[in-house]
Amino acid sequence: MGTRIAISAAVLFVALASASRASAFAEFGDNCVGKVPLPLAGTVFQSETTKKVPLASPLAGVITRWRVNAEIPPGSMEETLKLLRGGPTSFQVAGESGAEAVVDGPNMFDTRLAVQVGDRLGLYGKLGFIGCEGESSDVIAAKSGNMTTGTPFSPDITTGSLRIPLAAIVEPDADGDGYGDETQDGCPADASTHAACPLPRPAPALKLDAFPIVLKRSILLLVGSSESRPVEVFGQVGLRRRHRGGALASKTRKPKAPGAGTIVGLDGGTEDVEAGEIARFNVKLPGAVKRELRQTPRGKSLKGTITARATDSSGKVVDRTISIRLPGQKPRHG
């Protein structure tokens, strides 16, 4: 059973005006104030009226609230909203709310009924209903008894000079999940949930892998990537001593000497690496490194690093750095 919300007309107007800024809900029915109790135990609806009020739903969606304005003595009248489909002489109950207690004043109730363009509102009360005084051309129609969902019927009672104080708010239902997009559906674009939309999953992190093969005059670096990306390869080697002939230039972006001495940069260039494939980078050793290796006894080595670098789809730079050892090439004597 929905929760009754007693609110003034001014507060209701503010609430609806605020909601209209979010998306296109609509209201249909009659907001007259019912003062005339009628002990008709049947399913009633407004058949005709001269008033400029929309009796049929102007859009398809979900009825999320319905209301009855009443001016009655203390106490309550139990009423059930009926959603009627068809016409002009044959109707079917397409849905109904729970029974609600209508009391003196504005009454608003929550519900959730799928509605189509042209559907009408009806009421059923086992003790009757409350009506508004109208003109002779304001005609209500009724069917004796409680017409339940799926039941076809034709009115067997009509009476003039009465209006039904019954209106409803219909909201769009973009994903067709049966929940109104304005107030009931936290994720209008996803029919699998009406709670808050799940946070988007972060893109998988870019992963690089590299395997160095040290050759006599170069380093063969095998590189794999989880995404198709341009990959840059560079590195550095630390020399044991500075060679005569001046300082050695380094191409390393962030020199980190593994020990005292000169740092020499390695440059493997940039290539496009396809996801899931292995790219081969031939990193040639600079002349200074080759000379140092020829003077480094076998059994000893020069230390360095080699790096594969790529940028992922978010702009984040990803490095895969591997330590390398270049074996000495000078034969041992004796």
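Predicted model: local features only at pLDDT ≥ 70, side-chain atom pairs only at ≥ 80, totals over all residues.
Residues are numbered from 1 along each chain as its sequence is written, and side-chain values use heavy atoms, without hydrogens or water. Local features need pLDDT of at least 70 and side-chain atom pairs pLDDT 80 or more, whereas totals for chains, interfaces and linings use all residues.

Three aromatic pairs are present in the structure (ring centres of Phe, Tyr or the six-membered ring of Trp within 6.5 Å; planes under 30 degrees apart are stacked, over 60 edge-to-face, the rest tilted). The ring centres of Phe45 and Phe91 lie 4.7 Å apart with planes at 55°, so this pair is tilted. Because Phe45 belongs to strand E4 (residues 42-48) and Phe91 to strand E7 (residues 91-96), the pair ties together parts 46 residues apart in sequence (strands are DSSP runs of E, at least two residues, numbered from the N terminus). Phe45 is buried at 3% relative accessibility, and Phe91 is buried at 5% (buried, under 20% relative accessible area; exposed, over 50%; partly exposed, in between; 1.4 Å probe, protein chains only).

The rings of Trp66 and Phe109 also form a tilted pair, with centres 4.8 Å apart and planes at 40°. This pair links strand E5 (residues 61-70), which holds Trp66, to strand E9 (residues 105-115), which holds Phe109, across 43 residues. Trp66 is buried at 0%, and Phe109 is buried at 0%. Ring pairs join Phe45, Phe91 and Phe153 into a cluster.

On the surface, Glu271, Asp272, Glu274 and Glu277 gather in a patch of negative charge (residues with over 30% relative accessible area and no salt bridge, like charges joined within 9 Å; a salt bridge is a side-chain nitrogen of Lys or Arg within 4 Å of a carboxyl oxygen of Asp or Glu). Glu277 lies in the loop between strand E20 (263-273) and strand E21 (278-284), and is partly exposed at 48% relative accessibility.

Notes:
Patch = residues over 30% accessible without salt bridge, like charges linked within 9 Å, V, L, I, M, F, W, Y side chains within 5 Å. Areas by Shrake-Rupley, 256 points an atom, 1.4 Å probe, with all protein chains shown as cover. Lys, Arg positive; Asp, Glu negative; His and termini not counted. Charge placed at Lys NZ, Arg CZ, Asp CG, Glu CD. Helix = DSSP H or I, 4+ residues; strand = E, 2+ residues; numbered from the N terminus.
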